Amino acid sequence: NWQLDTSWIGRKIIFEKEIDSTQMLAKALADQGAAHGTVVLADKQTSGKGTKGRSWHSPAGTGIWMSLIIRPEFGPREAAQLTLAAAVALTRAFRKEGIDAEIKWPNDIYLNEKKLAGILTEMQAEQDYIHHIVLGIGININQKEKDLPPDIRDKATSLHIETQKEWKRQELIHLIWKELESVYAHYTKAGFASIREEWMQLASRLGRRVKVTTPTAIFEAVFQGIGAEGELLLEKTDGLTQRIYSAELEWIEE
Ligand code: BTN
């Protein structure tokens, strides 16, 4: 029974008490023609998916686990920017709640140097046409320290752990949908360049050293942020800035 004030996100909501993964259901529904803006939400995931084939711990009642179906007007080339845009929307929503979250390139949201949320963007496309994108968002909300798996306890956190408050998931979900719509509208009308500056303001680790792996080289550089198309800006040891469209980064802890 939600009072929705969004224009397209969540016009159709599928809620499951327990599911393997909202991402898998959303992809299946999208294949069957589910509408732009459909959201799959779950209280608990038994097989939550992270990036790079990793799993995503999604216990009952403590987090926001959701997948949004998008049928974009842009093409596959722009799709990587959507993850960056979604990170802006999420971080904006947190900041509105007084939470000092930061974007860690490309798809993580950090709070006090620990991971609070992750974004998983998956696309079904052929050549120049995107059938759909499923934008998965996982946010640790009310977990206590002991609820986090031991192997991620020093790297991950929740809103509760950082603020000592119990958060209402439903209100946060609505706030996030509003911000997603707002960022998406900007992005599709004015292009990624129109949100790049905000991304830079919300980003962490600018000026930090990274190990860069591209299909053809491995080198160290200083992370300077992103350019107008969402490409990486890296300062190499010779002082020149290089723009890279596809690379893996490993942060060098100093
Ligand atoms: C990451 O590795 O940081 C991305 C995590 C994405 C997790 C969310 S939770 C909702 C959706 N369903 C999944 O199985 N994964 C995403």
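Predicted model: local features only at pLDDT ≥ 70, side-chain atom pairs only at ≥ 80, totals over all residues.

Visitor: How do I read a sheet, and in what order do the 7 strands of the open sheet come?

Guide: Strands of a sheet pair through backbone hydrogen bonds, either parallel or antiparallel. Helices (H or I, at least four residues) and strands (E, at least two) are DSSP runs, numbered from the N terminus, and two strands pair if DSSP finds at least two bridges between them. Here the 7 strands run in the order β1-β2-β3-β7-β6-β5-β4, with mixed pairing. β1 (13-19) and β4 (102-104) stand at the edges with a single partner strand each, so one side of each has no neighbour in the sheet. Direction ignored, neighbouring strands are turned by 20° against each other on average.

Visitor: In what sense do β4 and β5 pair?

Guide: Antiparallel: β4 and β5 (residues 108-111) are joined over 3 bridges. Ile103 stands opposite Ile109 in β5. Helix α2 (residues 79-96) packs on this sheet, touching β4, β5, β6 (114-126) and β7 (129-140). For contacts like these, the C-beta atoms of two residues, placed from the backbone, must lie within 7 Å. The direction of α2 makes about 150° with that of β6; axes are lines fitted to C-alpha atoms, for helices over the stretch in contact, and angles run from 0 to 180 degrees between N-to-C directions.

Visitor: What is the strand order in the open sheet of 5 strands?

Guide: That order is β11-β10-β9-β8-β12, and the pairing is antiparallel. The edges belong to β11 (241-244) and β12 (248-251), each with a single partner strand, so one side of each is left without a neighbour in the sheet. The twist averages 45° from one strand to the next.

Visitor: Which residues pair up around β8?

Guide: Let's follow both of its partners. Antiparallel strands β8 (residues 209-213) and β9 (residues 218-226) are joined by 5 bridges, and a hairpin links them through 4 residues. Lys211 stands opposite Glu220 in β9, while Val210 stands opposite Ala221 in β9. β8 also runs antiparallel to β12, with 4 bridges between them; there the bridge partner of Val210 is Trp251.

Visitor: On to helices. At what angle do α2 and α4 pack?

Guide: Two packed helices are described by the angle between their axes and the distance between the axes. α2 and α4 (residues 169-190) pack at about 135°, with their axes 8 Å apart. That makes α2 oblique to α4: angles under 35 degrees count as roughly parallel, over 145 as roughly antiparallel, 65 to 115 as roughly perpendicular and the rest as oblique. α2 passes α4 in a right-handed crossing; a crossing is left-handed if the near helix is turned anticlockwise from the far one by less than a right angle, and right-handed if clockwise. Among the residues that meet are Ala85, Val88 and Ala89 in α2, and Leu175, Leu180 and Tyr187 in α4. The contact divides into 12 nonpolar, no polar and 3 charged residues. Ala, Val, Leu, Ile, Met, Phe, Trp, Tyr, Cys and Pro count as nonpolar, Asp, Glu, Lys and Arg as charged, and the others, Gly among them, as polar.

Visitor: Is the crossing of α2 and α5 left-handed or right-handed?

Guide: Left-handed. The axes of α2 and α5 (residues 193-202) come within 10 Å and cross at roughly 60°, which makes α2 oblique to α5. Leu84, Ala85, Val88 and Thr91 of α2 make the contact with Ile195, Glu198, Trp199 and Leu202 of α5.

Visitor: Which residues come nearest to the ligand?

Guide: A residue counts as near if its C-beta atom, placed from the backbone, lies within 6 Å of the molecule or strand. Of the 22 residues around the ligand, Ser21, Gly50, Gly118, Gly136 and Gly138 come nearest. α1 (22-31), β3 (63-70), β6 and β7 each give two or more residues to the shell. By class, the shell has 6 nonpolar, 13 polar and 3 charged residues.

Visitor: Where are the backbone details you promised?

Guide: Both are in loops. A cis peptide bond joins Trp105 and Pro106, with omega about -5°; Pro106 is in the loop between β4 and β5. Gln127, in the loop between β6 and β7, has phi near 40°, a positive value in a residue other than glycine.

Conventions
Residues numbered from 1 in each chain as written.
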